[in-house]
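This report describes a helix pair and a set of salt bridges. Please look at the sequence and structure first.

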Amino acid sequence: MTSTHQDIPAALAQTLRDAQRIVVFTGAGVSAESGIATFRDALTGLWSRFDAQALATPEAFRAQPDIVWGWYEWRRAQALRANPNAAHHAIAALARHVPELLVVTQNVDDLHERAGSARVAHLHGSLHAPRCSDCAAPHTLSSSVTEEAGEGRRIAPPACAVCGAPVRPGVVWFGESLPADAWSGALRAAEQCDLLFSIGTSALVYPAAELPQRALAAGATVVQVNPAMTPLDRQAHCNLHGGAADVMPRLLAAAWPAL
Ligand code: OAD
């Protein structure tokens with residue numbers, strides 16, 4: 001079933017009303033309408049403008065900590081300035097209508113939480129939870145970002161209060177494992193849910209992209225929300241081609257018109 005932005009299929013609204021356990025799997029596209037850049041969109045995606053190997057690997061941090069820390073501070077500044085959009089709010093509202101809902105996000109912003117989602121698993125870590133690069137002690141950052149944080153600026157990482165080593169961003173870099181608790185909880189939820197939404201993700205980055213596959217294999221209905229096609233289009237039961245901030249509120253209204 002493929003749907004344009006005009007219609008939400010009645011059968012999907014019914015599936016949503018009947019669902020007992022929902023997983024909402026999100027990627028950068030869910031925050032796009034909050035002004036946060038995605039990774040792979042042509043021209044605007046971060047990986048079309050920046051070299052991932054030079055910014056998002058442990059080797060890059062060891063070689064040029066100031067460049068890497070400065071880049072993540074620039075992204076943290078954007079996230080702090082951004083506000084949750086209608087998609088984040090609709091996902092938080094959806095949780096109030098179903099017995100069990102887990103948000104599993106690849107995003108490192110905190111816009112799901114700021115919209116009111118209580119159960120959020122962060123598969124790729126968080127911009128807001130840095131830790132020591134050596135002893136892993138958590139480091140508290142101020143909720144504002146230094147004036148220096150602009151695109152391409154070098155900023156020296158703070159020193160760990162426990163051991164003095166440089167503090168690193170609390171995100172997952174290429175070549176690193178996902179946080180074990182978040183990943184095992186997400187896998188369990190995907191295998192036990194009756195409905196999984198894949199929203200605003202290119203569904204290209206593994207192991208995260210395995211989640212819709214696990215849900216499909218376990219017999220769940222999989223619904224994708226994305227303005228563009230992804231490899232998941234062929235397998236999803238329903239593809240809603242549109243922006244998340246447009247589609248998600250309409251989906252909620254179709255399922256619960258009295259809202
Ligand atoms: P991508 O940039 O790969 O994909 C973003 C997706 O969002 C694309 O499929 C877009 O079509 C879609 N999109 C754009 N605008 C949208 C909108 N308004 N509403 C809905 N969808 C929209 O981002 P991710 O799939 O999140 O990893 O990327 C996965 C991981 O790759 C990221 O977590 C990051 C990156 O490298 C790490 O940094 C470890």
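## Terms and basis

A residue counts as buried under 20% relative accessible area, as exposed over 50%, and as partly exposed in between, with a 1.4 Å probe and protein chains only. The model is predicted: local features need pLDDT of at least 70, side-chain atom pairs count only at pLDDT 80 or more, and totals for chains, interfaces and linings use all residues. Residues are numbered from 1 along each chain as its sequence is written, and side-chain values use heavy atoms, with hydrogens and water left out.

Two packed helices are described by the angle between their axes and the distance between the axes. Helices (H or I, at least four residues) and strands (E, at least two) are DSSP runs, numbered from the N terminus. Axes are lines fitted to C-alpha atoms, for helices over the stretch in contact, and angles run from 0 to 180 degrees between N-to-C directions.

Helix H7 covers residues 86-94 and helix H11 residues 244-255; their axes come within 7 Å and cross at roughly 30°. H7 and H11 are therefore roughly parallel to each other (angles under 35 degrees count as roughly parallel, over 145 as roughly antiparallel, 65 to 115 as roughly perpendicular and the rest as oblique). On the H7 side, the contact is made by Ala86, Ala87, Ala90, Ile91, Ala93 and Leu94, and on the H11 side by Ala244, Ala245, Met248, Pro249 and Leu252. Contact means heavy atoms within 4.5 Å.

## Salt bridges

Side chains of opposite charge can pair when their charged atoms come close. A salt bridge is a side-chain nitrogen of Lys or Arg within 4 Å of a carboxyl oxygen of Asp or Glu. The whole structure holds 8 salt bridges.

Arginine 250 is partly exposed at 24% relative accessibility, and aspartate 246 is partly exposed at 32%. Elsewhere, salt bridges that share partners join Glu191, Glu210 and Arg214 into one network.

## Two further pairs

Arginine 62 and glutamate 59 meet in a salt bridge of 3.9 Å, N to O. They are 3 residues apart in helix H5 (residues 58-63), about one helical turn. Arginine 62 is exposed at 62%, and glutamate 59 is partly exposed at 48%.

Glutamate 176 and arginine 168 pair at 2.8 Å, N to O, in a salt bridge. Glutamate 176 is partly exposed at 26%, whereas arginine 168 is buried at 7%.
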